[in-house]
Amino acid sequence: MYFEVGDKIKMKKAHPCGSHEWDVLRVGIDFRLQCAGCGHQIMVARTLVEKNCRGVIHAGETEYHKPEAKKPE
Ligand SMILES: [Zn+2]
C-alpha cells in the first residue's frame, strides 16, 4: 500500500482517547504515527498499518479513501 509522510490515516481500532485518526510522521518498515485526538506518538510495524488501515487522506485531499496499492499518478 502507498503511504507517505503527511498523510492522515484512519485505523480500525480506536486509540484510548477515542480517535481513529493518525498523522503519518515517518514511513518505512515501521511507521511513526501521531494520534489526531491527543497527540500521542507511536511506532507501529508497516504490516500492522496495512492490516488495520481503513482509509487515507494524502496531502491536498479532503476525504478518506481506500489506500492505493501504488503511488497514484
Ligand atoms: Zn489518542
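Modeller: Start with pairing. Two strands pair if DSSP finds at least two bridges between them. Keep in mind that this is a predicted model.

Biologist: What makes β2 and β3 a pair?

Modeller: Strand β2 covers residues 21-26 and strand β3 covers residues 30-35. They run antiparallel, and 4 bridges join them. The rule asks for at least two bridges, so β2 and β3 pair. Within this pair, Trp22 stands opposite Cys35 in β3.

Biologist: What is the strand order in the open sheet?

Modeller: The sheet has 5 strands in the order β4-β3-β2-β1-β5, and the pairing is antiparallel.

Biologist: Why are β4 and β5 called edge strands?

Modeller: Each pairs on one side only. Strand β4 spans 41-45, and β5 spans 53-57. From one strand to the next, the twist averages 35°.

Biologist: How do you know that the radius of gyration agrees with a compact globule?

Modeller: The rule puts a compact globule of 73 residues near 11 Å. The chain has 11 Å, so the value agrees. Along the principal axes, the C-alpha atoms fill a box of roughly 35 × 25 × 20 Å.

Biologist: What makes a residue count as buried here?

Modeller: A residue needs 20 or more other C-beta atoms within 10 Å of its own. Of the 73 residues in the chain, 12% are buried.

Biologist: And contacts across the sequence?

Modeller: Take contacts between residues at least 6 apart in sequence: 32% of them join residues at least 24 apart.

How values were computed. Residues numbered from 1 in each chain as written. Predicted model: local features only at pLDDT ≥ 70, side-chain atom pairs only at ≥ 80, totals over all residues. Rg over C-alpha atoms; globule rule 2.2 N^0.38 Å. Contact = placed C-beta atoms within 7 Å. Axes fitted to C-alpha atoms, helices over the stretch in contact; angles between N-to-C directions.
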